[in-house]
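User: I am new to this one. Please walk me through a few of its local features.

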Amino acid sequence: MARFRMGEGVLRRKPIEHIEDTEAGAGAGLQRSLGLWQLTAIGVGGIIGAGIFTLAGTVANGTAGPAVLVSFLIAGLASAAAALSYAEFAGLIPKAGSAYTYGYAVLGEITGWFIGWDLLLEYTAIVAVVAIGISGYFSFLVGEMGADLPRWMLGAPGTGDGHRVDLFAAVLCLLIAYLLTLGIKNAARFEMVVVVLKVLVVLLVIGVGFFHITTSNYHPFFPYGVGGAFTGAATVFFAVFGYDAMSTAAEESKDAQRHMPKAIIYSLVISMVLYVLACLVLTGMQDYKDIDKESGFSTAFKSVGLSGLADVIAVGAIIGILTVMFTFMLGVTRVWFSMSRDGLLPKWFAKTHPTRHVPTRVTWIVGAASAAIAGFLPIGEAAELTNIGILLAFVVVCTAVIVLRYRQPDLPRTFRTPFMPFVPALGIVFSLWLITFLQWQTWVRFAVWFVVGLGVYFGYSYRRSELARR
């Protein structure tokens with residue numbers, strides 16, 4: 001039996017300069033074709049979506065009330081601290097895999113493995129959650145048109161009388177998978193167009209809704225106490241970190257060392273401004289107890305007599321939230337690709353299409369898995385799968401950026417996290433704090449996934465990784 005020795009075993013690190021060699025020698029390279037604004041669009045596409053069109057209403061009605069605005073600000077502050085750490089790594093290690101690759105290079109193989117393993121589940125679940133959110137707006141729009149669809153196809157079991165499967169959400173996951181198999185250049189063009197349309201819809205919502213705000217709807221501002229705002233922050237957190245999934249596309253950027261840090265910061269700033277304004281409008285237009293949890297803005301505009309605009313918003317939400325699915329499905333496939341290329345998962349998964357240069361095998365597997373989750377789990381249960389792993393990834397990245405800054409201070413960094421080590425330490429504290437607000441069921445699911453990961457790592461990955469072979 002092999003000996004598990006420190007440094008040579010589970011804590012062996014992948015030298016940063018070796019990451020370039022792995023990419024060059026793998027024979028399964030990705031195509032570099034993304035510019036700064038395409039990367040920013042992918043980031044904005046991943047951040048803005050379900051947070052505005054679905055989760056804002058869900059948290060306002062039942063968790064935070066008008067203080068949903070505070071929930072987004074808390075989540076955004078924690079996310080910003082982590083974003084600056086991601087930006088430093090993205091300029092220093094512009095490779096696919098994001099937090100998995102950073103953790104592997106700085107904190108060791110076992111840390112990289114578990115972050116990658118977690119992200120496989122978290123990102124896939126996010127795709128499913130967003131698909132369910134789109135399905136809610138789709139149902140609203142169909143109802144407004146007077147159509148009468150069979151109830152068995154309108155939701156997961158237990159979400160309504162006669163519901164058997166959320167068919168629209170499941171099919172949507174497969175359609176996004178198909179889009180990603182067409183090649184990153186074509187997929188990014190689609191993403192850019194849809195992100196622009198989405199931002200225009202959000203600006204329309206803010207601009208028109210501002211004139212229908214009733215200030216009395218803001219009172220009481222903390223109907224569930226300050227703790228409700230923090231609980232809401234833990235719930236909406238996954239809506240403010242799309243940039244981390246975008247960073248997994250570093251190997252497909254034309255100039256990743258310069259563009260990735262800028263794209264991460266630009267996408268978060270743009271998104272947080274829109275989130276704050278949208279929350280003010282939503283909770284100002286309608287009493288928080290009357291906000292619809294699935295199609296909040298559409299029903300809010302309908303309540304003030306703007307049914308036509310409500311339909312436009314529903315269409316915009318359906319189109320716009322597609323970009324979130326795109327970003328996170330892109331993220332999970334690139335993490336899986338990187339882990340397979342490093343030998344931690346079978347090399348078969350790292351095979352790319354000979355002409356489109358995308359990992360089509362893992363893309364279809366992720367598409368099928370997210371379709372199953374979206375089709376048969378309620379949005380609340382699916383959302384609970386998405387938070388803890390991402391928060392732990394943030395802890396790892398923020399820790400790693402501190403460690404590497406002191407271990408190798410002279411590495412050529414195109415971006416440096418400011419106020420070191422205060423900013424990444426703030427990201428660690430906020431992330432761990434938000435973890436404490438998650439439900440116990442989330443911890444149980446995470447523990448099960450963790451144990452399965454232990455079995456896979458020691459049963460397969462430990463002896464078959466590229467570092468073990470070398």
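Analyst: At 28% relative accessibility, H357 counts as partly exposed, a class between buried (under 20% relative accessible area) and exposed (over 50%), with a 1.4 Å probe and protein chains only. The model is predicted: local features need pLDDT of at least 70, side-chain atom pairs count only at pLDDT 80 or more, and totals for chains, interfaces and linings use all residues. Residues are numbered from 1 along each chain as its sequence is written, and side-chain values use heavy atoms, leaving out hydrogens and water.

User: Is H163 buried or exposed?

Analyst: H163 lies in the loop between helix 6 (109-144) and helix 7 (167-180). Helices here are DSSP runs (H or I, at least four residues), numbered from the N terminus. The relative accessible area of H163 is 10%, so it is buried.

User: With which side chain does the side chain of H163 make a polar contact?

Analyst: A polar contact pairs N or O atoms within 3.5 Å; within protein, one must be able to donate a hydrogen and the other to accept it, and residues adjacent in sequence count only if both atoms are side-chain atoms. For H163 the distance is 3.4 Å, and the partner is the side chain of R151.

User: Where is F419, and is it buried or exposed?

Analyst: F419 sits in the loop between helix 16 and helix 17. Its phi is positive, near 50 degrees, though it is not glycine. With a relative accessible area of 66%, F419 is exposed.

How values were computed: Helix = DSSP H or I, 4+ residues; strand = E, 2+ residues; numbered from the N terminus.
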